[in-house]
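Please look through the sequence and the model shown here before reading on.

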Amino acid sequence: DGLPRTVSADLGVPTVHHTVTDYANFDHGATTPALVAVAEAAEQVQRRYGSVHRGAGYASQVTTGWFEAARAQVADFVGARSGDEVVFTRNTTDALRLLAHCLPRDTQVFAWESAHHAALLPWAQDRTTRLPVPTSEQHAIQLLREALERSPEGERLVVITGACNVTGEIWPVTELVAVAREFGARTVLDAAQYAPHVEIDLDVLGVDWVAFSGHKLYAPYGAGVLAGRSDWLDAAEPYLPAGGATSRVHHDHTQWQLGPARHEGGTPNAVGAITIAAACATLQTHRATIGAHEAQLHGRLRAGLAAIDRVSIVEVLGDRPNVGVVTFTVEGYDPSLVSQVLADEDAIAVRDGRFCAHLLCDAVVGDGACAIRASLGLATNGEHVDRLVAAVRRLVEHGPALSYVHTDEGWSA
Ligand code: PMP
């Protein structure tokens with residue numbers, strides 16, 4: 001078919017590694033399996049790596065070259081503007097925490113309560129304005145405008161979720177950035193769920209920073225990215241004051257590096273950075289095919305589940321483009337029982353719970369309530385979608401095939 005072997009012949013999208021071929025993976029929102037191209041990049045690095053930025057030997061030079069090429073690839077992936085920098089972090093949580101650490105004194109932060117806890121909690125509580133969970137796109141925009149109008153002058157940062165980890169809804173990023181800019185506020189995009197599915201262009205989106213994780217981007221655990229404006233980052237104390245972050249240590253003071261090195265103290269996760277870059281390159285090459293594949297599967301999944309009596313689909317903004325998530329509840333069934341039945345009886349992986357977004361779940365699922373999240377991606381195909389829809393229908397109509405008891409460890413058959 002002329003496709004490289006890292007692209008599946010039947011679907012035309014990049015292939016990922018499966019441990020069990022019959023397994024229907026609807027848990028991409030939590031962590032994605034490795035792309036074949038990523039696993040190959042990891043293997044290549046593992047065979048010959050040396051110290052990064054710390055040696056003159058061959059392996060050290062090669063690895064340093066790969067590490068800095070990875071940074072350039074990631075800069076390209078996010079459409080970095082001149083003056084932007086890419087800092088490698090541990091994950092999105094760490095990237096947002098790094099930005100929180102770098103905020104100028106007295107910066108006021110604005111975040112919707114629908115945000116993932118990683119985007120809601122790292123900011124100083126007494127300088128954070130929490131906007132309620134909105135009910136529509138227009139409502140989200142209005143809440144921001146009103147809060148900014150009421151706030152005093154000074155440095156301000158608006159935290160925008162690219163795609164909601166509970167509903168998969170893509171937020172109106174450019175519209176929100178436009179409002180923020182009217183008030184001179186800066187913006188950061190939590191792209192943990194957005195980056196795997198939607199092209200990021202910092203220039204077009206107008207956000208000042210973007211944060212995302214490798215393990216949701218078909219790359220391994222342990223590496224993430226904060227990319228964007230360098231001024232606040234260069235003016236802040238190093239995030240990890242250590243080797244690599246210093247240019248000269250004196251008896252009574254230390255001179256710190258500028259640029260990414262300032263916040264990347266210690267030996268970096270070179271394998272993480274290189275594999276994120278491999279994932280970025282693959283996703284960039286295949287964006288259009290991946291988007292079409294996921295949109296088609298999402299439409300089929302959503303319509304299939306919506307047609308089942310007693311199934312309710314969770315929405316916040318409603319009627320927005322979606323990254324491939326359907327979160328739902330089944331009347332009369334504990335969500336954790338539903339996910340256990342799906343795993344045991346049909347080899348389907350979903351996630352149940354409150355998705356590190358407690359205030360969102362309180363607002364749209366119910367006070368203290370849980371739901372079931374099906375999040376699709378490159379490991380999902382049409383048969384998986386049909387299997388999930390049929391399994392939920394069977395559960396609603398006939399109950400579980402096995403008999404389940406609830407113990408401290410959860411449900412068991
Ligand atoms: N933001 C969003 C929207 C997420 O979905 C997640 C992960 N569930 C995070 C932030 C945090 O990502 P990580 O756990 O990789 O730090």
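In strand 8, Leu226 is the bridge partner of Ala211, and this pair belongs to the antiparallel pairing of strand 7 with strand 8, which extends over five bridges. Helices (H or I, at least four residues) and strands (E, at least two) are DSSP runs numbered from the N terminus, and two strands pair if DSSP finds at least two bridges between them. The model is a predicted one, in which local features need pLDDT of at least 70 and side-chain atom pairs count only at pLDDT 80 or more, while totals for chains, interfaces and linings use all residues. Residues are numbered from 1 along each chain as its sequence is written.

- Strand 7 is mostly covered, with five of its five residues buried; a residue is buried if 20 or more other C-beta atoms, placed from the backbone, lie within 10 Å of its own, exposed if 12 or fewer do, and partly exposed in between.
- From strand 7, Trp209, Ala211 and Ser213 point one way and Val210 and Phe212 the other way, and all are buried.
- In a regular strand the side chains alternate between the two faces of the sheet.
- Strand 7 also pairs with strand 6, in the parallel sense and over three bridges, and there Val188 stands opposite Trp209 in strand 7.

- Seven strands form an open sheet in the order 2-8-7-6-5-3-4, with mixed pairing.
- Strand 2 (84-89) and strand 4 (128-131) stand at the edges with a single partner strand each, so one side of each is left without a neighbour in the sheet.
- Neighbouring strands of this sheet are turned by 20 degrees against each other on average, direction ignored; axes are lines fitted to C-alpha atoms, for helices over the stretch in contact, and angles run from 0 to 180 degrees between N-to-C directions.
- Strand 3 (residues 108-112) and strand 5 (residues 156-161) run parallel and are joined by four bridges, with Val109 opposite Leu157 in strand 5.
- Helix 3 (residues 92-102) packs on this sheet, where it touches strand 2, strand 6 (186-190), strand 7 (209-213) and strand 8 (224-229), and its direction makes about 35 degrees with that of strand 8; two residues are in contact if their C-beta atoms, placed from the backbone, lie within 7 Å.
- Helix 6 (residues 173-182) lies across strand 5 and strand 6 and runs at about 170 degrees to strand 5.

- The buried residues of helix 3, among them Thr93, Leu96 and Cys102, pack against strand 2, helix 4, strand 6, strand 7, strand 8 and helix 8 (231-235).
- Around the ligand there are 14 residues, of which Asn91, Thr93, Asn165, Ala192 and Ser213 come nearest; a residue counts as near a molecule if its C-beta atom, placed from the backbone, lies within 6 Å of it.
- Helix 3 and helix 4 (117-120) are the elements that give two or more residues to the shell around the ligand.
- The shell around the ligand divides into four nonpolar, nine polar and one charged residue, where Ala, Val, Leu, Ile, Met, Phe, Trp, Tyr, Cys and Pro count as nonpolar, Asp, Glu, Lys and Arg as charged, and the others, Gly among them, as polar.

- Four strands form an open sheet in the order 11-12-15-14, and the pairing is antiparallel.
- Strand 11 (311-313) and strand 14 (351-353) stand at the edges, each with a single partner strand, so one side of each is left without a neighbour in the sheet.
- Strand 14 is joined to strand 15 (residues 371-375) by three bridges, and Asp352 stands opposite Ile372 in strand 15.
- Helix 12 (residues 382-398) lies across strand 11, strand 12 (325-330) and strand 15, and runs at about 10 degrees to strand 12.

**Helix 9**

- Ala288 is found in helix 9 (residues 270-306) and counts as exposed, because it has 9 C-beta neighbours inside 10 Å.
- The C-alpha atoms of Ala288 and His197 are separated by 9.8 Å, although these residues are 91 residues apart along the chain.

**The whole protein**

- The protein has 12 helices and 17 strands, and buried residues make up 47% of its 413 residues.
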